[in-house]
Amino acid sequence: MSAVHLVPPDYKSTNPPNTMEANSIDWSAAIAQPAFKELLRLKWRVIAPMTSMYLVFFSVLMLLAGYARPLMAAALGPLNVGYVLIIIAYPMCWAVAFIYVFAADAWFDPKARAAARNVARGGK
Amino acid sequence: MKTLGLAIFLLILGITLAITHWAARRTSSASSFYTADSSLGPAQNGFALAGDWMSAAAFLGFSGLAALYGMDGSLYALGALVAFLAILTLIAEPLRNTGRYTLGDVIAFRMQRPEARLAAVVGTIVVNFAYLIPQMAGGAVLIKLLLGLPYQASVAVVGAVMIVYVMFGGMLATTWIQIVKAVLLLGTAALLMLLILLHFGFNPLAIFSAVEAKYGAKMLAPGNYLSNPLDQLSLGLSFAFGTAGLPHVITRFYTVPDARTARKSVIWLMLLAGSVFFFTTLIGFASAVLVGQNAIRAADPGGNLALPLLAQFLGGGADSIGGRIFLAFVAAVAFATILAVAAGLTLSTSGAIAHDLYVNVIKGGNVGEERQVKVARLSSLAVGILAMLLGLLAQGLNVAVLVILAISIPASANFPIIVLSLFWRQFNTSGVIWGMAAGLASAITLALLGPAIQGPHSLFPIVNPTIISMPIGLVGALLGTLLVPRKPGDIAHFDEVLFRAQTGLRAD
């Protein structure tokens, strides 16, 4: 289901999303509603650990590449420590991306739609 | 041999011009010019993003770096992939939900002040030109080596053709041209990998062993290119966050109808471009082993010809028909790549000038649809001509510093501003201006004081300034917000931006 639209789809403005129509909406109330707060909390609980994990992994990799060069060059079979880490990094990045998209499709979107619908209906 | 390459290139050119003609008939509104009416599907947009991101600098540069310097080249390639995780999880959807065509739209929506939009315009134009000029200059050098065209002729051809793409075809043309180019590039990479694996008995590990045998274990170690230990981290930061601030990447979130499609297109991109970047290491190593580092350096000291030379070798060698055809094909694809990326950058810059500067800042939004498109087309002409002139001027100059700036300015200036606008309630217009100024000034100054310009005994020890300039940009944004007296309406739109960004409730 596509995003809820506040104004008719044929409305064209040269400005960024025109907030004149939107001034009828109480935005402070919109973000205070429980459905929205729940959405933010959920996003934080999913995205924060995911982000910390890959940022830490990547930063550690870069720090090792800078400050622990002999370690990175230490042989591991035909490869070395560094290349094993780099090779692991690729499927890790793809996995994080897939997990995020799954979480967003399955968990975030329904909550976002619910929150948006409340606001569009004129409710608080 | 070189005429074969030119012939293949002309064929590709013909296809892309046909695409432009097809697109031109569908591009009459501002929305279609800038964002192809937001009608792209996830795979299409994913391929186009991959085309944008897999520039010649990427696939030739990364494989060249790997061939000559080993692991540092692989780290560049990995950085380019990690970049999109930040975009996927933090930036893509909020931007899609709060803007229309450009980065300026998002910042202006949040701040509702023309100065804020102007800051975004400055960030867009500086970054795009920093990206565009090395494409023109580096590309012309490459084309001279591969196809025999003199430098000026290459710049003129790239300039003229990209103007045609953008002026007549807008985003629809540039998108499909990127898709065609991405398919060609992926095909080339796949074919190269197949031939490499055939050569090494389908054992990729054997490639590593071969490199080690020929050049020693040091080749597989980090630090051969980025000798200062902070440089690897700084490079990682630039890619991880700078990509999220690249205006021509940001625009590609508006070419899809909603956030859901935007996130799926990033998945496509990560799989496509990620795989190619992964292969660049193997391609570079195979080139180092089979063609030899001396030959690679002799052809181009920066290593940019490692991949084409390998293609020639695997095709049968310099004197064989197979070798010549393969080399000619790779050269033509490289030329097409430069063209496509340059067109995308030109479109993005013309968006900043026509839509942000003229329509919104100067005319306050009161411009009719037809006139908007006319101004957009004119500004793409102007940008293209300027890019050509600068490309001609840059002949023989060291453009390496521009490449560095093209990724560290977005990391230091654009990215902090975007994130703060989306997530920090107190952030205001002064914060935008100070942040942009601080990020820009520090990135440019430090890059100019660094080894890329000054050589080994530079004042500033690391090549990539991001590790210092990004914090400076952030601090600038913070100080601008906290020190300048608050005006009414500064934070009035935060709630709306937050709600729309996170839920997708849109007004357009």
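Predicted model: local features only at pLDDT ≥ 70, side-chain atom pairs only at ≥ 80, totals over all residues.
## The overall build of chain B

Let's start with the big picture. Chain B contains 21 helices and 0 strands. Its radius of gyration is 22 Å, close to the 23 Å that the globule rule gives for 508 residues, so chain B is as compact as a globular protein of that length. If you draw a box along the principal axes, the C-alpha atoms of chain B fill roughly 70 × 50 × 40 Å.

How much of chain B is buried? Of its 508 residues, 66% are buried. The contacts tell us about the fold too: among those in chain B with a separation of 6 or more, 83% join residues 24 or more positions apart.

## Where chain B meets chain A

Now look at the boundary between the two chains. The contact takes in 71 residues of chain B and 63 residues of chain A. The size of an interface is often given as the accessible area lost when the parts come together. Here chain B and chain A bury about 5900 Å² between them, and 69% of that area is on carbon and sulfur atoms.

On the chain B side, the elements that give two or more residues include α5 (71-98), α12 (259-290) and α15 (321-362). The largest share, 14 residues, comes from α5(B). Sorted by type, the residues on this side divide into 33 nonpolar, 24 polar and 14 charged.

Next, zoom in on helix α8 of chain B, which covers residues 151-199 and holds Thr175(B). Is Thr175(B) buried or exposed? With a relative accessible area of 0%, Thr175(B) is buried, because the cut-off for buried is under 20%. Leaving aside residues up to four places away in sequence, Thr175(B) touches Leu40(B), Ala48(B) and Arg252(B). Thr175(B) and Asp52(B) are 123 residues apart in sequence, yet their C-alpha atoms are 9.0 Å apart in space.

Gln178(B) is found in helix α8 as well. Its relative accessibility is 0%, so Gln178(B) counts as buried. Which residues does Gln178(B) touch, not counting residues up to four places away in sequence? The answer is Phe47(B), Ala48(B), Gly51(B), Asp52(B), Arg252(B), Ala340(B) and Val341(B).

## Two loop residues with positive phi

Finally, here are two residues whose backbone angles deserve a look. Ala36(B) has a phi near 50°, a positive value in a residue other than glycine. You can find Ala36(B) in the loop between α2 (30-35) and α3 (42-53) of chain B. With a relative accessible area of 4%, Ala36(B) is buried.

Gln112(B) is not a glycine either, but has a positive phi of about 55°. Gln112(B) lies in the loop between α6 and α7 (114-147) of chain B. Its relative accessible area is 38%, so Gln112(B) counts as partly exposed.

How values were computed. Residues numbered from 1 in each chain as written. Chains lettered and ligands numbered in written order. Heavy atoms only, no water. Contact = heavy atoms within 4.5 Å. Buried area = accessible area lost by both parts, 1.4 Å probe. Helix = DSSP H or I, 4+ residues; strand = E, 2+ residues; numbered from the N terminus. Nonpolar A, V, L, I, M, F, W, Y, C, P; charged D, E, K, R; others polar. Rg over C-alpha atoms; globule rule 2.2 N^0.38 Å. Buried < 20%, exposed > 50% of the residue type's maximum accessible area, 1.4 Å probe, protein only.
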